[in-house]
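Here is a short briefing on one protein chain. Keep the sequence and the 3D view open while you read.

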Amino acid sequence: MEEKLTIKQLFAILAAGLFSFCGVLIETATNITFPTLMNEFHISTSLVQWMTTGNLLMMGIMIPISSYLKRRFQTKKLFLIAGFLFSIGLIVDVFAQQFTLLLIGRFIQGAGVGIALPMMYNIILEESPERLLGLMMGCGSFVTAAAPAIGPTFGGIMTQYFTWRYIFICVLPVIVLASFIGYFCMSEQIINKHEKFDF
């Protein structure tokens, strides 16, 4: 194993980290929008909570499946699929005129984040030198821990001074940028095309 991380490996970790950060950021930022969404879409508290629950549900489904996906598909292709799903979900939410569409967008985002979140740790474990492994795992954990601290403030600023849609608008360019970085920097892994999914 190499003694140090290459620039390409660092950018690959950065790209996956941006996905994880943005996924958790939106999760906590949208909690602030609940009263606004309830008034705008004329929905109840129990219904608006699906903005969070639906996203977490999709992540909870995709994260356990990520082990199979990693063995079956190339990391770069998986990352691009995650970026595509995340971006589509964001676009759906930006233009959603009905709460049902807003929920669909959140479900799609959850699928993208569920694929990307374990990928960050996989890249760190596989490509980091042993002497830097603890440091890089700590950095990865910091990324996912910092987002919940920033999310409510970010969501409050967007909702108060702009509109809740800007939560998704501001994140979209970051996801597109991270997808491009991942495409050029992520290495291809050995895969098993005959891997069977165990339902």
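## The largest cavity

Three helices each supply at least two residues of the lining of the largest cavity: helix H4 (50-72), helix H5 (75-95) and helix H6 (99-127). H6 gives the most, with 7 residues. The model is predicted, so local features are taken from parts with a pLDDT of at least 70.

**Cavity details**

- The structure holds 1 cavity of 30 Å³ or more.
- The largest cavity has a volume of about 130 Å³.
- Its lining is made up of 16 residues, and those closest to the centre are Lys70, Thr75, Leu78, Met119 and Asn122.
- By class, the lining splits into 8 nonpolar, 5 polar and 3 charged residues.
- Rolling a probe the size of a water molecule over the atoms shows where empty space is left.

**Overall fold**

- The protein chain has 8 helices and 0 strands.
- Along the sequence, the pattern reads α-α-α-α-α-α-α-α.
- The radius of gyration is 17 Å, close to the 16 Å that the globule rule gives for 199 residues, so the chain is as compact as a globular protein of that length.
- Taken along the principal axes, the C-alpha atoms fill a box of roughly 55 × 35 × 25 Å.
- Of the 199 residues in the chain, 47% are buried.
- Take the contacts between residues at least 6 apart in sequence: 80% of them join residues at least 24 apart.

- Ala12 is found in helix H1.
- Ala12 counts as buried because its relative accessibility is 1%, and the cut-off for buried is under 20%.
- Ala12 touches Ile123, Cys185 and Met186, leaving aside residues up to four places away in sequence.
- Ala12 and Ile123 sit 111 residues apart in sequence, yet their C-alpha atoms are 7.7 Å apart in space.
- Gly23 also has its place in helix H1 (residues 7-29).
- With a relative accessibility of 6%, Gly23 counts as buried.
- Beyond residues up to four places away in sequence, Gly23 touches Phe86 and Val113.
- From Gly23 to Ala116 the separation is 93 residues in sequence and 9.2 Å in space, C-alpha to C-alpha.

- Asn55 belongs to helix H4.
- Is Asn55 buried or exposed? Asn55 counts as buried, because its relative accessibility is 2%.
- Asn55 touches Glu27, Trp50, Arg106, Gln109 and Gly110, with residues up to four places away in sequence not counted.
- Ala111 is located in helix H6.
- Ala111 has 10% relative accessibility and so counts as buried.
- Setting aside residues up to four places away in sequence, Ala111 touches Met58, Met62 and Leu85.
- Ala111 and Ala82 are 29 residues apart along the chain, and their C-alpha atoms are separated by 7.4 Å.

**A loop residue: His42**

- Where is His42 found? His42 is in the loop between helix H2 (34-41) and helix H3 (45-48).
- His42 counts as exposed, because its relative accessibility is 71% and the cut-off for exposed is over 50%.
- Phi of His42 is near 55°, a positive value in a residue other than glycine.
- Most residues other than glycine have a negative phi.

**Cysteines**

- How many disulfides does the count give? The count comes to 0 disulfides.
- Cys22 is buried, with a relative accessible area of 3%.
- Cys185 is in no disulfide either: the nearest cysteine sulfur is that of Cys22, 17 Å away.
- Cys185 counts as buried at 16% relative accessibility.

Notes
Residues numbered from 1 in each chain as written. Predicted model: local features only at pLDDT ≥ 70, side-chain atom pairs only at ≥ 80, totals over all residues. Heavy atoms only, no water. Disulfide = S-S within 2.5 Å. Buried < 20%, exposed > 50% of the residue type's maximum accessible area, 1.4 Å probe, protein only. 1 Å grid on protein atoms, 1.4 Å probe; cavity = no way out; pocket = protein on both sides within 12 Å on 5 of 7 lines; lining within 4 Å. Points joined across faces, edges and corners; volume = space filled by probe spheres on them. Helix = DSSP H or I, 4+ residues; strand = E, 2+ residues; numbered from the N terminus. Nonpolar A, V, L, I, M, F, W, Y, C, P; charged D, E, K, R; others polar. Rg over C-alpha atoms; globule rule 2.2 N^0.38 Å. Contact = heavy atoms within 4.5 Å.
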